[in-house]
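The following note sets out several points on the model shown below.

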Amino acid sequence: MGSQVPRIEDLDPPPALSTKPTELISHALMNAFERDYTHLTVISEDTRALLGYLNIPRLKEMLKQGIVRETDYVEQAMQKFQRSGKIYKVITMDTPLEELEAFFTGGVDGKSSQDFAVVTDANRRFVLGVATKGDLEEFVRRRPA
């Protein structure tokens with residue numbers, strides 16, 4: 001057999017950086033800037049369940065417009081994942097990059113593009129990392145033809 005199908009683990013995504021809903025926006029921003037992250041996952045303080053995410057470029061815009069302040073809590077700026085009536089694509093370290101690319105261009109429904117993917121275990125219990133469109137583009141650019 002020839003070469004193996006490239007998978008998310010080949011991107012070597014950085015570990016997810018999670019924050020909590022009750023953390024100050026200023027603290028979450030500082031953590032994102034220190035690691036040059038554009039997205040932070042937001043997890044429950046009790047169950048560590050994935051509640052949503054902070055899109056840092058969007059957060060900066062919200063701060064600039066005065067919608068939120070750095071002294072506000074993350075929960076006031078986070079984008080929440082809808083639990084009911086919404087289908088989520090499970091993306092793991094074993095997901096082929098071709099599927100990831102399709103997710104970025106069309107999302108779960110094939111109609112809504114996505115900027116990033118939360119990489120979890122197969123049971124969606126643990127957040128293992130975050131893969132962005134930029135990570136995928138960089139991988140493709142560096143990969144030998």
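1. In strand E5, Phe116, Val118 and Thr120 point one way, Ala117 and Val119 point the other way, and all are buried. Buried means under 20% relative accessible area, exposed over 50%, and partly exposed in between, with a 1.4 Å probe and protein chains only. Strands (E, at least two residues) and helices (H or I, at least four) are DSSP runs, numbered from the N terminus.

2. The model is predicted: local features need pLDDT of at least 70, side-chain atom pairs count only at pLDDT 80 or more, and totals for chains, interfaces and linings use all residues. Residues are numbered from 1 along each chain as its sequence is written, and side-chain values use heavy atoms, with hydrogens and water left out.

3. E5 pairs with strand E6 (residues 127–132) in the antiparallel sense over 5 bridges; pairing requires that DSSP finds at least two bridges between two strands. Phe116 has Thr132 as its bridge partner in E6. The two strands form a hairpin with 6 residues between them, and in the turn Arg124 has a positive phi of about 60°.

4. Thr120, in strand E5, counts as buried because its relative accessibility is 7%. Leaving aside neighbours within four places in sequence, Thr120 is in contact (heavy atoms within 4.5 Å) with Val90, Ile91, Thr92, Met93, Phe126, Val127 and Leu128.

5. An open sheet of 4 strands has the order E1-E2-E3-E4, with mixed pairing. Strands E1 (18–19) and E4 (79–80) stand at the edges, each with a single partner strand, so one side of each is left without a neighbour in the sheet. E1 pairs with strand E2 (residues 39–43) in the parallel sense over 2 bridges, and Ser18 stands opposite Thr41 in E2. Helix H3 (residues 56–64) packs on this sheet, touching E2, strand E3 (50–55) and E4, and its direction makes about 65° with that of E3. Axes are lines fitted to C-alpha atoms, for helices over the stretch in contact, and angles run from 0 to 180 degrees between N-to-C directions.

6. A salt bridge is a side-chain nitrogen of Lys or Arg within 4 Å of a carboxyl oxygen of Asp or Glu; the count by this rule is 4. In helix H5 (residues 133–142), Glu138 and Arg141 lie 3 residues apart and meet in a salt bridge at 2.6 Å, N to O. Glu138 also forms a salt bridge with Arg142, the closest N and O atoms being 4.0 Å apart. Shared partners join Glu138, Arg141 and Arg142 into one network.
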